[in-house]
Structure formats: C-alpha cells, structure tokens
Amino acid sequence: MCGIVGYFGDLKATDVILNGLKKLEYRGYDSCGICYHNLNTDRFVTYKDKGRVKHLKHDFDYNGDNHFGIGHTRWATHGAPNHINSHPHSSQSGRFVIVHNGVIENYKELVAKYLSAVYFTSETDTEVIANLIEYFAVSYPVELAIRKALAMLEGSYALLIIDKLNPNIIYAGKNKSPLLLGLRNDGVCLASDLMAFVGVSSEYYVIEDKTFVKAEKVDNEYRFSMYDPIGIEFTPIRHEVSLNDDEINRGGYDHYMLKEICEQPSVIRKIMTNYIKDNRFHIKQDVLDLFANKKRIYILAAGTSMHAGFVGKINFETLTKIPTEVFIASEFAYNKPLLEKEAAFILISQSGETADLRACLVDINKMGYPSLTITNVKTSTLAREATNYLLIHAGPEIAVASTKAYVGQIAVLAILAYVLADNPKIDMIKEMSRLAVAMEAIIDKKEYIHDLVQSHLIKRNCFYIGRGIDYYTSLEAALKLKEISYIQTEGFAAGELKHGTIALIEEDVPVIAIITQRHINKNTRSNIQEVKSRGADVLVISTNDTSEPEDDIILMDVHDLLSPALAVIPTQLIAYYKALDMGKDIDKPRNLAKSVTVE
Ligand code: M6R
C-alpha cells in the first residue's frame with residue numbers, strides 16, 4: 001500500500017526519492033508524486049499523477065540542485081486514482097505539503113469543527129491534515145501546530161510534512177502505519193520500509209506510534225530528534241540495514257515471482273540452518289513458554305498467510321494434540337468467538353504490517369493473552385507488539401503474490417509444532433531435507449508445467465479441488481491463479497462440489513485436483529470422475545505414492561504434514577505461466593498491495 005520516502009542531505013534528493021519510490025513499488029500503488037526544493041530557484045516543485053514511478057522519473061524535469069524533498073506512491077482509499085487525489089497534498093495557502101500512508105477516520109469531524117471555511121481540491125483525508133496544520137499554525141509556532149494537529153488524528157498515518165517557509169526540516173509523525181528513519185553522514189532519509197534504504201543508508205531507526213520526528217541540518221550536520229507523545233525527547237534503538245542490492249534484484253529472472261518460486265528450496269534450507277542447534281530443531285525457550293499448559297491455540301492471519309495457518313492447524317493438532325482454530329483476521333477483529341481462557345495466539349504475516357491483524361493484536365494484548373508473530377520482517381509492527389516472534393528467513397519477498405513466504409510459514413509452524421510435541425514420531429530434519437530436494441525436482445520441470453498450461457484451457461471458472469490438507473493447498477492455489485491472471489478460480493473441498501457447485505461444471509471447465517494423501521486418494525478420484533463425466537478438463541497433481549499413470553504432475557513423496565509446501569509449487573507455476581501467457585502485470589497485479597496497511 002502507499003509508500004513514502006523523504007530525503008534531506010548532500011545527495012540529489014530527487015534521485016534518492018525516485019529510486020526509493022521505485023523500490024517501494026512492490027507494495028502496490030496506482031499513482032505517485034514528489035515535492036522538492038529547487039535550490040537554484042529557491043522554489044518548491046511538485047509533480048504527481050496517476051501511473052508508474054518510471055513516468056514520474058522520466059516525464060518531468062529535475063534539472064537544478066536539490067537536496068530536500070518528499071515523495072509518495074498512492075494506493076487509492078479516499079477518491080479515485082487521478083492527478084488531483086495523488087500525493088503530495090498542500091494546505092490551502094500552499095505553505096504545508098504532506099505525504100501520507102494510512103486512513104484518518106475522523107477527517108469529516110475535523111473538517112466540520114475546524115476547517116469549514118477551507119476549499120478542498122481533492123477527495124482525500126490527507127488534504128484535511130495539511131489544512132489542520134495550517135489552521136493551528138496561525139496561532140502557534142509551526143512545531144506545536146503540527147503536534148496539535150497530529151494529536152487530533154484518529155486512525156492510521158505515516159506522515160512527512162514540509163513547511164515551505166523553512167526548507168531545512170522534514171517533520172514526521174506516525175501511528176499504526178509503518179515509518180523508518182535512515183541516517184548517514186550526508187543525509188537523513190525517511191521511508192515506509194527498509195527496501196528504500198538499500199544503497200542509501202546502512203543504519204536505521206524504527207519510528208514508534210505517536211512519535212513526532214524532526215530531521216534537520218544543524219551546524220552542517222544532518223541529525224534527527226524523536227519525541228514521545230508527551231513531548232519528551234528520546235533516543236531510539238539503532239538497527240543495521242541487513243539487505244543488499246542482490247537480494248532485492250530480479251537476478252536474471254523476468255519476474256520476481258518466478259525468482260521467488262525458484263528460491264523456495266533454499267528458503268527451507270535457510271530455515272533449517274536457523275532453527276537447528278546441536279543437530280536438533282530448537283525454538284527459544286520464551287517462545288515455548290507461551291504455549292505451556294495451553295488448552296487451545298488460535299491462529300489469525302489473512303490471505304495466503306491464513307492458508308499457511310490452516311496447514312499449521314493440522315501440524316499442531318497432529319503433533320501437539322492441542323486443539324487449534326484458524327480465523328480470518330478481519331473477521332476476528334470485530335466478531336470474536338467465545339475464547340478459551342488458557343489459550344495462546346499465533347499471528348502469521350509475511351510483512352508483519354497487515355492492519356487487520358494489528359487490530360486483532362491490540363485486543364489480544366488488552367485481553368492479556370500471550371501472542372507469537374510468525375513473520376518475515378523482524379522490525380515489523382506485529383513482531384514488536386506481540387509477546388514474541390519467530391522469523392521465516394525467506395529474504396525479501398517482492399512479488400505481490402506470496403510464494404516463498406508461504407512455504408516458509410508452513411516450515412516454521414511445523415518446526416514449532418514439532419518442538420512443542422511430546423512424542424512427535426517424525427524425523428523432522430530428514431523430512432525437511434527431503435522436502436527441499438522434492439521442491440527442486442518439480443521446479444526443474446517448470447517448462448513442462450508451462451506446456452501443460454498452454455495445452456489446457458484454463459481461461460474461465462477454474463476449480464482446484466482437494467481433501468484435508470490438500471483442500472488447504474487448493475485454497476492457496478486458487479488465490480494464486482486468480483490474483484495474477486484474474487481468472488475466476490475457486491478452491492473447493494473435493495467432496496463438497498456435488499452439494500451445489502457442480503452445477504457450474506460443463507464442457508471444458510478446468511478442474512485441477514490435488515492428491516498428496518493416501519487415505520483420501522480413492523475419494524478424490526471419485527470426485528474427479530464426477531466432474532469428468534460432466535465434461536470438465538481435469539488435470540491431476542499427485543505424488544509417487546498416490547499417482548495413477550495418466551496423472552499430469554507427479555511429485556516426489558514427502559511427509560504428509562509438509563506436503564502443502566511441495567504441492568503448492570506446481571500451482572504457483574501454473575498461475576505464473578498462465579498470467580505470463582495472458583500478458584498480465586505479474587509482480588504488480590491490479591488493485592492489490594503487498595503490505596495491506598489499511599483495514
Ligand atoms: O503480509 P501478510 O502475510 O500479512 O499479508 C496477508 C495477505 O495480504 C497476503 O498473504 C496476500 O493474500 C498475498 N499477497 C497473496 O498472494
């Protein structure tokens with residue numbers, strides 16, 4: 001979702017900002033813009049419009065010295081994606097210019113109370129913030145005016161604010177939406193995520209909720225100050241930027257998604273390296289303590305991470321015998337079930353920033369339940385605000401469609417369940433090593449899968465079917481195909497089709513069956529016959545153990561509990577090649593964002 005970048009320093013600000021925005025593109029956006037101070041003319045310049053950062057970069061003139069500015073990629077919430085609604089936004093006089101990520105819930109009340117005389121040009125909540133600052137700046141010094149305005153905002157915001165009367169300070173404020181500050185000798189950079197700092201700063205600071213920040217040049221030195229909600233200055237913790245350019249480049253692949261699919265065996269091996277100590281899987285004791293004497297585990301997540309949660313449920317119930325329930329985060333946040341007292345929560349989130357989950361975590365913390373976040377981002381909000389966290393070590397996942405994070409989540413959930421189990425009856429190290437090899441084997445056959453995609457008519461009403469753990473893989477497979485190819489696809493419990501949905505099966509409707517479990521092989525095969533006899537174009541993904549000679553994709557055998565991490569790979573490749581052949585924007589599918597920071 002929206003990305004923001006601000007820079008003040010010796011480098012050319014427009015270069016840093018535009019390159020930073022480019023690196024934040026993966027978050028998902030529909031418009032972008034920049035405002036910078038041209039030193040030669042001593043004027044501020046704003047460019048913005050609907051469309052891509054490459055147009056912002058190439059279609060405008062950035063001649064002249066500039067060292068101070070802010071930029072934005074917008075994922076529309078209030079008002080259509082167009083020139084007027086794009087950020088930066090200005091106050092009515094033009095004095096204050098701001099970029100914003102988040103949603104201000106009380107913007108209408110603020111307009112009614114303070115800004116009824118203001119003429120607004122856009123439909124955004126952001127323009128209200130700029131004008132609220134201007135309103136207070138009439139009576140108070142600028143810093144106090146900004147802080148007064150921030151204190152009145154309800155909702156989520158990461159904000160960068162410029163006062164055109166003083167092009168020597170970037171102000172920032174933050175609540176719920178992520179914001180980081182990177183510092184180097186020759187400048188200060190502020191951005192929504194670490195990606196923007198690669199090549200710009202080697203150290204960074206996480207800005208906490210309700211913190212007010214000033215980035216400025218004092219005595220020829222760039223510095224920043226951070227203030228808590230009551231205005232007391234504090235020193236935040238310094239972190240190292242651990243990413244490098246190689247990790248965030250496409251590395252010779254046409255798309256990040258294909259690169260990330262191919263990285264999955266190495267993600268499994270990296271997870272093993274990180275979690276094996278003295279030849280056994282090891283989880284830190286304070287994480288294990290969260291689950292001591294618990295009668296129930298609740299897993300909360302969204303989208304692909306929720307599908308990993310379903311697989312986690314099966315692992316937990318099989319290995320630890322603790323009943324485990326999975327909830328859609330956005331539902332749980334406002335429609336809670338009756339909760340067991342002796343329970344622990346697991347939140348699964350690749351980004352660690354998903355607003356629906358954050359809303360749940362705030363309540364979980366209030367209720368006093370222990371919580372564990374399983375995430376790819378150590379410094380993320382959900383990692384910091386849960387009782388503890390575990391990392392999936394997948395490396396940056398840049399394609400919007402999640403692939404390697406999903407298998408990483410499954411692997412970490414399996415390791416956690418295994419370590420918590422009294423008598424797990426599975427050699428998890430051996431099984432995970434085998435999984436990595438089996439993954440490589442199917443990735444090696446990717447061209448064959450491309451051929452299969454071209455010979456089957458996957459173009460409308462596609463279905464994935466499976467039973468048990470394969471049903472969960474079907475849900476994930478369907479999400480992958482629909483989100484990047486835009487083909488209507490459903491994941492279905494194979495036995496449930498005949499209770500209504502089979503009415504949609506007619507000549508050539510594609511049905512892809514997943515069968516990795518021996519005990520349901522016959523049942524799913526019967527369901528395949530039911531759809532075949534109604535004309536479906538059936539494609540079967542099975543394992544050596546469950547296969548029949550005419551099956552289309554046959555995987556190596558891996559342990560039942562880990563099979564979703566393998567069976568999902570051909571479905572990721574089906575989605576990838578279908579979208580590729582249809583000419584879709586694979587890494588940045590329409591309407592979607594990588595980091596969903598609004599509820
Ligand atoms: O960052 P998260 O794992 O919390 O994101 C949750 C979903 O938005 C995400 O998994 C989404 O469904 C995927 N991008 C789909 O590929």
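Biologist: How many residues does helix 14 have, and how far does helix 14 reach from its first C-alpha to its last?

Modeller: In this predicted model, helix 14 covers residues 404-420, which gives 17 residues, and reaches 24 Å from its first C-alpha to its last, close to the 24 Å expected at 1.5 Å a residue.

Biologist: What makes you say that helix 14 is largely enclosed by the rest of the structure?

Modeller: A residue is called buried when its relative accessible area is under 20%, and 14 of the 17 residues of helix 14 are buried, so the helix is largely enclosed by the rest of the structure.

Biologist: Why is the contact between Lys-313 and Glu-317 called a salt bridge?

Modeller: The term asks for a side-chain nitrogen of Lys or Arg within 4 Å of a carboxyl oxygen of Asp or Glu, and the closest N and O atoms of Lys-313 and Glu-317 are 3.3 Å apart, so the pair qualifies as a salt bridge. A search of the whole structure finds 27 salt bridges.

Biologist: How do you know that Lys-313 and Glu-317 are separated by about one helical turn?

Modeller: Both residues belong to helix 10, residues 303-319, and because they stand four residues apart there, about one helical turn separates them. An α-helix has 3.6 residues a turn, so residues three or four places apart point the same way.

Biologist: What makes the pair of Asp-363 and Lys-336 a salt bridge, and which parts of the chain does the pair link?

Modeller: The closest N and O atoms of Asp-363 and Lys-336 are 2.8 Å apart, which is within 4 Å, so the pair meets the definition of a salt bridge. The two residues come from distant parts of the chain, 27 residues apart, with Asp-363 in helix 12 (residues 355-367) and Lys-336 in the loop between helix 11 (329-332) and strand 20 (343-349). Asp-363 is partly exposed at a relative accessible area of 21%, and Lys-336 is partly exposed as well, at 31%.

Biologist: Why is Arg-525 called buried, whereas Glu-548 is called partly exposed?

Modeller: The cut-off for buried is under 20%, and Arg-525, with a relative accessible area of 11%, is therefore buried, while Glu-548 has 33% relative accessibility and so counts as partly exposed. These two residues form a salt bridge in which the closest N and O atoms are 3.6 Å apart. The pair links distant parts of the chain, 23 residues apart, since Glu-548 lies in the loop between strand 26 (537-543) and strand 27 (553-555), and Arg-525 lies in helix 18 (residues 521-532).

Biologist: Which residues form the negative surface patch, and what makes them negative?

Modeller: The patch is formed by Glu-105, Glu-109, Glu-154 and Glu-599, and because Asp and Glu count as negative, these residues give a negative patch. One of them, Glu-109, is found in helix 3, residues 107-114.

Biologist: What is particular about the phi of Asn-220?

Modeller: Its phi is near 65°, a positive value in a residue other than glycine. Most residues other than glycine have a negative phi, and most peptide bonds are trans. Asn-220 sits in the loop between strand 12 (211-218) and strand 13 (221-227), and with a relative accessible area of 69%, which is over the 50% limit, Asn-220 is exposed. Asn-293 also has a positive phi, of about 60°, although it is not a glycine, and Asn-293 lies in the loop between helix 9 (285-290) and strand 18 (296-301).

Biologist: Which two residues does a cis peptide bond join, and what is its omega?

Modeller: The cis peptide bond joins His-87 and Pro-88, with omega at about 0°, and Pro-88 lies in the loop between strand 4 (66-74) and strand 5 (89-90).

Biologist: How do you know whether Leu-338 is buried or exposed?

Modeller: Leu-338 has a relative accessible area of 84%, and exposed means over 50%, so Leu-338 is exposed. Leu-338 is found in the loop between helix 11 and strand 20, and the C-alpha atoms of Leu-338 and Val-142, 196 residues apart along the chain, are separated by 49 Å.

Terms used. Residues are numbered from 1 along each chain as its sequence is written. This is a predicted model: local features need pLDDT of at least 70, side-chain atom pairs count only at pLDDT 80 or more; totals for chains, interfaces and linings use all residues. Side-chain values use heavy atoms; hydrogens and water are left out. The expected span of a helix is 1.5 Å times one less than its number of residues. Buried means under 20% relative accessible area, exposed over 50%, partly exposed in between (1.4 Å probe, protein chains only). Patches are made of residues with over 30% relative accessible area and no salt bridge: like charges are joined within 9 Å, nonpolar side chains (Val, Leu, Ile, Met, Phe, Trp, Tyr) within 5 Å. Accessible areas come from the Shrake-Rupley method with a 1.4 Å probe; for residues, only the protein chains shown count as cover. The place of a charge is taken as NZ of Lys, CZ of Arg, CG of Asp or CD of Glu.
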